[in-house]
Amino acid sequence: MCLAIPGKIVELDLLNANQAVVDVVGVRRKVDLGLLADDPPIAGDWVLIHVGFAMSKISEADAADQMRTLNMLGEVDAAMEEVCGYGLENDEHGESPQRWKQ
Amino acid sequence: MRFVDEFRAPGLIAKAGEEIRRLADPRRHYRIMEVCGGHTHAIYRFGLKDLLPENVELIHGPGCPVCVLPMGRIDDGLSLAAEPNFIFAAFGDMMRVPGTHGSPLEYKARGMDVRIVYSPADALKLARNNPEKHVMFFAIGFETTAPSTALTLTRAKAEGLRNFSVFCNHVTIIPAIRAILDSPDMRLDGFVGPGHVSTVIGCRPYHWIAEDAGKPVVVSGFEPLDILQSIVMLLRQLRNGEAKVENQYKRVVPWEGNRAALRAMGEVFELRPYFEWRGLGFISQSALKIRAGYAQWDSEQRFSVPGVRVTDPKAAQCGEVLKGVLKPAQCKLFGNECTPEKPVGALMVSSEGSCAAYYNYEHRKPVTIANAAVTSAAAN
């Protein structure tokens, strides 16, 4: 549970500064930006996500590195299951993590 | 060699292995603890042990949140789940951890409302969507996860959401390292420091380990090359008679950590005078409790919790394995009565637990980066 998932900020929530939509290999989910309050990301920035919260800004190259690390550790399925689970929206949309398997 | 090509710079991996052999003094035996369960998982998965000379031994540390949680806490949390109109929400890692009368999943099978959430924010959402029920988030984790729980509590308070609370089991890594260093049966030469905990706390909190205890610390990433490089850095310090804190995982870990995350933790949590850790016993100031200002959202302050202490099943030697005194396979139950499919102890449940990692990779001996790299080096 300590592995962090890389994602790209695609949209900031104009009504709630603490929320943004991230894209993790094609899956889009809302994450909380509260832990980056000192250096808020903008659309296009890459972040590491842990339990639904963006915890650090990273470079695109480091994001690719991190995704490869998850792949190597056999944690991609678990990571995608986690991302798909954010917001409890998988039930509503009938999305299954298998769909995003690499 | 397709397998090796999946890894960053396979040539460097073989080189790092050579450098470790060159730096390790054959007259010495090195005991290096990887603190974080994520590292333990990676070490077994890639068979990194096979790349190390016999006198460089890796000891698995306490950095697996579900592994160090004593059974009494699980029982306490689950005792509340029996209340009517109560939702017990926790991360998936917790679901198969055995309590005295079963795991959360088994409680669910008996009809209690047990839900897996992937974020504390989702537990909060459950509370919003189920105003007639009480949602308790059973929080576990080190400093990587604690800030997210903290922010979730500030959001609950700001919204005035009354049907939500947190059963807080958050622990802090530094006191556990101190307890291990103070333990008389534990002689260690250095530490591979945790990666993602350090994105929050930074590298400064480790200074006393170098300065007072005289042991080098290298904060490390999770790829095979990261871990091997960190071992090279540790051995280099040991050879030069140095003890300092170094950061191998600079691409993710800022030296100062994440101040906003630390502020959130400070706002919501204070240190418990003491907390029980499985295997390590009571450690003073090693866990977080929810401050009085958030008492409304603290399950322990709001409900009556039995506060039970449960000793682990006698035959299981989780404590010895957690402290690094025994290797997983040396436990009497390992692989027979205790397997990932039917775990007796928590170390067999989490993929970060050393027993599960050992069972899945070492015990079954799949192809690993280590033997692939060795083959590749021999072929060249």
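Author: One definition comes before the questions: angles under 35 degrees count as roughly parallel, over 145 as roughly antiparallel, 65 to 115 as roughly perpendicular, and the rest as oblique. The model is predicted.

Reader: By class, how do the residues of the contact of helix 8 of chain B with helix 13 of chain B divide?

Author: Helix 8 of chain B passes helix 13 of chain B in a left-handed crossing. On the helix 8 side the contact is made by Ala146(B), Pro147(B), Ala150(B), Leu151(B), Leu153(B) and Thr154(B), and on the helix 13 side by Ala261(B), Ala264(B), Met265(B), Glu267(B) and Val268(B). The division is 9 nonpolar, 1 polar and 1 charged.

Reader: What is the orientation of helix 3 of chain B to helix 16 of chain B?

Author: The axes of helix 3 (residues 37-45) and helix 16 (residues 354-362) of chain B are 8 Å apart, and the packing angle is about 15°. The cut-off for this class is under 35 degrees. The two helices of chain B are therefore roughly parallel.

Reader: Which residues of helix 16 of chain B meet helix 3 of chain B?

Author: Helix 3 of chain B passes helix 16 of chain B in a right-handed crossing. The residues of this contact divide into 4 nonpolar, 3 polar and 2 charged. From helix 3 of chain B come Thr40(B), His41(B), Tyr44(B) and Arg45(B), and from helix 16 of chain B come Ser354(B), Ala357(B), Tyr358(B), Tyr361(B) and Glu362(B).

Reader: Is His60(B) buried or exposed?

Author: His60(B) is placed in strand 2 (residues 56-63) of chain B. Leaving aside neighbours within four places in sequence, His60(B) is in contact with Glu34(B), Thr40(B), Gly324(B) and Ser354(B). The cut-off for burial is 20 or more other C-beta atoms within 10 Å. Because His60(B) has 30 C-beta neighbours inside 10 Å, His60(B) counts as buried.

Reader: How far is the C-alpha atom of His60(B) from that of Val325(B)?

Author: His60(B) and Val325(B) are 265 residues apart along the chain. Their C-alpha atoms are separated by 9.5 Å.

Reader: Which element gives the most residues to the largest nonpolar core?

Author: This core has 152 residues, and Ile20(B), Ala89(B) and Phe138(B) touch the most other members. Leaving aside neighbours within four places in sequence, Phe138(B) is in contact with residues including Phe88(B), Ala89(B) and Phe167(B). With 8 residues, the element that gives the most to the core is helix 12 (residues 224-239) of chain B.

Reader: In what order do the elements of chain A run?

Author: Of the 102 residues of chain A, 43% count as buried. The secondary structure of chain A comes to 3 helices and 5 strands. From the N terminus on, the order is β-β-β-β-β-α-α-α.

Reader: Which elements of chain A give two or more residues to the side that touches chain B?

Author: In the contact between the chains, 29 residues of chain A meet 35 residues of chain B. By class, the chain A side has 16 nonpolar, 8 polar and 5 charged residues. The elements of chain A that give two or more residues to this side are strand 4 (46-50), strand 5 (53-58), helix 1 (60-72) and helix 2 (76-85).

Technical notes:
Residues numbered from 1 in each chain as written. Chains lettered and ligands numbered in written order. Predicted model: local features only at pLDDT ≥ 70, side-chain atom pairs only at ≥ 80, totals over all residues. Helix = DSSP H or I, 4+ residues; strand = E, 2+ residues; numbered from the N terminus. Buried ≥ 20, exposed ≤ 12 C-beta atoms within 10 Å, placed from the backbone. Contact = placed C-beta atoms within 7 Å. Axes fitted to C-alpha atoms, helices over the stretch in contact; angles between N-to-C directions. Left-handed = near helix turned anticlockwise from the far one by under 90°. Nonpolar A, V, L, I, M, F, W, Y, C, P; charged D, E, K, R; others polar. Core = buried A, V, L, I, M, F, W, Y, C linked by C-beta atoms within 7 Å.
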